[in-house]
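Please keep the sequence and the structure in view while reading.

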Amino acid sequence: MTTLPSSLPKLSDPDVKRTYGVDCSIGATAPEEFEVVRARDRDDVVEVMRFAAATGTPVVPQGARTGLNGACVPGEGAIVLNTEALRGIELIDPVDGIAVAGPGIVTDEFKKVVRAEGMFYPPDPASSATSTLGGNVATNAGGLCCVKYGVTADYIRGLEVVLPGGEVVNTGRRTAKSSAGLDLTGLFLASEGTLGVITQVVTKLIPAPDDALTALATFSDLAAAAQAIVALRRDPNPPCLLEFLDAPSIEAVQALADYGFPTGCEAALLVQADRPGHVAEDTQRYAGVMESFGADEIAVADDAMEADALLAGRRALNTALEAKGPNLIEDMCVPIRQLPTIVLQGREIGARHGLQVSMSGHGGDGNLHPSIFFDPTSADSTAAAHAAFSDMVDLTLRLGGTISGEHGIGTFKAPYLRRQVGQAGLERMLAIRAVFDPQGLMNPGKTYTYPAL
Ligand SMILES: Cc1cc2nc3c(=O)[nH]c(=O)nc-3n(C[C@H](O)[C@H](O)[C@H](O)COP(=O)(O)OP(=O)(O)OC[C@H]3O[C@@H](n4cnc5c(N)ncnc54)[C@H](O)[C@@H]3O)c2cc1C
């Protein structure tokens with residue numbers, strides 16, 4: 001591949017470089033030939049984009065590589081443009097309710113700094129201890145608190161973006177409102193690095209809520225748990241967290257350590273309240289709702305330490321599923337009333353393909369992460385897992401859902417995107433991309449730019 005200008009901070013150690021060639025998706029493999037530039041500032045990004053345009057080299061923007069679908073994995077000959085070092089906070093303004101930060105700041109660190117100023121940036125993907133703000137924007141990340149607060153898109157007011165060729169644009173606003181022209185900011189949400197490199201993020205902030213308390217309930221009847229979710233969603237002051245675990249997920253968590261779940265339950269709900277001045281009252285009311293729908297056992301936290309302890313099993317879930325064995329972790333979102341259908345029919349799909357499936361996730365949003373357990377050393381088992389996934393895509397779309405609630409499309413789900421958005425939708429997405437990136441150099445092969453589409 002063409003040699004990068006020596007002024008750019010590129011990685012040279014092949015072992016270190018290889019770690020920048022993969023993300024957290026199962027089976028991700030680094031290419032043979034690629035370059036990694038860890039941008040120190042916006043000027044480095046501009047230089048890479050100018051060089052890429054002049055030489056026709058593909059560019060893959062990258063954050064912390066916690067993605068689960070290969071979205072930041074480079075192809076042969078590409079330049080990985082890592083933005084983790086662009087991590088400064090330029091402004092926190094509680095009056096306008098905004099912060100301005102670099103895309104490389106780790107999500108939890110950003111939340112902590114903002115909280116110290118009495119403000120709250122709600123988005124909280126389960127990966128928030130490692131993922132970056134820029135990666136969250138580029139995937140429109142969700143998380144545990146979306147049920148009350150919404151997703152990353154709901155908290156992004158504006159962006160600074162370096163476009164292909166090196167031009168810098170500022171989108172959106174820093175003000176409370178604006179009606180000036182088209183919403184370019186929205187185009188970058190879930191764009192997965194296909195339009196430009198985000199070099200600064202203007203977020204909305206809200207006043208900090210109270211510390212949350214947790215109620216945990218277990219059910220022997222899955223449908224009853226689903227009905228409780230629907231009732232909790234209709235509460236005039238709904239929960240700030242409403243997580244769902246099915247029986248295989250609970251078994252996996254209990255196999256890791258004793259998190260206090262009883263044996264033989266079909267479902268568990270974890271619910272939190274954080275409404276200023278009403279936390280204990282709301283948590284008790286949620287517990288009452290779950291009891292009225294037939295919960296077998298309910299535990300309600302009295303203080304922050306107990307609240308964390310009750311949530312510990314949910315936090316351990318990703319580790320527990322990894323410990324259980326290799327799995328394709330997916331990200332379907334269906335209308336909330338369809339939750340029991342997707343859980344039961346998802347299991348049937350697994351059984352039909354001879355594979356175990358666990359279903360857990362952000363139940364309050366109808367956003368589940370089916371984990372399809374398979375043996376990656378066996379071609380048959382791998383094929384069965386992909387066939388099961390394909391059936392789940394069809395089930396999700398039949399139920400009126402989407403094939404990604406929060407993780408994005410990347411390469412893994414790209415072959416399925418047409419089923420959801422249709423040929424005309426894909427063609428419009430590609431036409432928009434051509435306006436920003438006429439040479440097609442930005443993260444080629446990902447999401448709607450997948451070649452087979
Ligand atoms: C254990 C675990 C739990 C997770 N839980 C959640 C969850 O609850 N909710 C959720 O939504 N996701 C979750 N994820 C997925 C992942 O953490 C998110 O998709 C996250 O937003 C990715 O951030 P990142 O910084 O790691 O980005 P990367 O993985 O590095 O990149 C992701 C995408 O963003 C693009 N990108 C990154 N930086 C920029 C930039 N500066 N400019 C333009 N494009 C850029 C990349 O090109 C790529 O397309 C989880 C992952 C793991 C491993």
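## Parallel strands around β3

Strand β1 (residues 35-38) runs parallel to β3, and four bridges join the two. The model described here is predicted. Within this pairing, glutamate 35 has isoleucine 79 as its bridge partner in β3. Strand β2 (residues 59-62) is likewise joined to β3 by four bridges, in the parallel sense. Here proline 61 stands opposite leucine 81 of β3.

In a regular strand, side chains alternate between the two faces of the sheet. Strand β3 (residues 79-82) has Ile79 and Leu81 pointing one way and Val80 and Asn82 pointing the other way, and all are buried.

## The antiparallel sheet

Strands of a sheet pair through backbone hydrogen bonds, either parallel or antiparallel. An open sheet of five strands is arranged in the order β4-β5-β9-β7-β8, with antiparallel pairing. Its edge strands, each pairing on one side only, are β4 (89-93) and β8 (168-172). On average, neighbouring strands of this sheet are turned by 10 degrees against each other, direction ignored.

Six bridges hold the antiparallel pairing of strand β7 (residues 156-162) with strand β9 (residues 197-204). In this pair, valine 162 has valine 197 of β9 as its bridge partner. Helix α2 (residues 42-55) lies across β7, β8 and β9, and runs at about 55 degrees to β7. Helix α3 (residues 107-116) also packs on the sheet, where it touches β4, β5 (98-101) and β9; the direction of α3 makes about 40 degrees with that of β4.

## Two loop residues with positive phi

Arginine 65 is found in the loop between β2 and β3. Its phi is near 65 degrees, a positive value in a residue other than glycine. Because its relative accessibility is 17%, arginine 65 counts as buried.

Glutamate 192 is placed in the loop between α6 (184-188) and β9. The phi of glutamate 192 is near 55 degrees, again positive in a residue other than glycine. With 5% relative accessibility, glutamate 192 counts as buried.

## Salt bridges

The count of salt bridges in the model comes to 23. One of them joins the side chains of arginine 115 and aspartate 211, at 3.7 Å from N to O. Arginine 115 lies in helix α3 and aspartate 211 in the loop between β10 (206-207) and β11 (213-219), so the pair ties together parts that are 96 residues apart in sequence. Arginine 115 is partly exposed, with a relative accessible area of 33%, whereas aspartate 211 is exposed at 57%.

Arginine 347 and glutamate 266 also meet through their side chains in a salt bridge, at 3.5 Å from N to O. This pair links distant parts of the chain, 81 residues apart: arginine 347 is in helix α12 (residues 339-352), and glutamate 266 is in the loop between α8 (247-256) and β13 (267-273). Both partners are partly exposed, arginine 347 at 24% relative accessibility and glutamate 266 at 27%.

## A nonpolar surface patch

Which residues form a nonpolar patch on the surface? They are Leu182, Leu184, Leu187 and Ile432, with about 360 Å² of accessible area together. Isoleucine 432 is found in helix α14 (residues 417-436). This residue counts as partly exposed because its relative accessibility is 35%.

How values were computed. Residues numbered from 1 in each chain as written. Predicted model: local features only at pLDDT ≥ 70, side-chain atom pairs only at ≥ 80, totals over all residues. Heavy atoms only, no water. Patch = residues over 30% accessible without salt bridge, like charges linked within 9 Å, V, L, I, M, F, W, Y side chains within 5 Å. Areas by Shrake-Rupley, 256 points an atom, 1.4 Å probe, with all protein chains shown as cover. Salt bridge = Lys/Arg side-chain N within 4 Å of Asp/Glu carboxyl O. Buried < 20%, exposed > 50% of the residue type's maximum accessible area, 1.4 Å probe, protein only. Pairing = 2+ DSSP bridges. Axes fitted to C-alpha atoms, helices over the stretch in contact; angles between N-to-C directions. Contact = heavy atoms within 4.5 Å.
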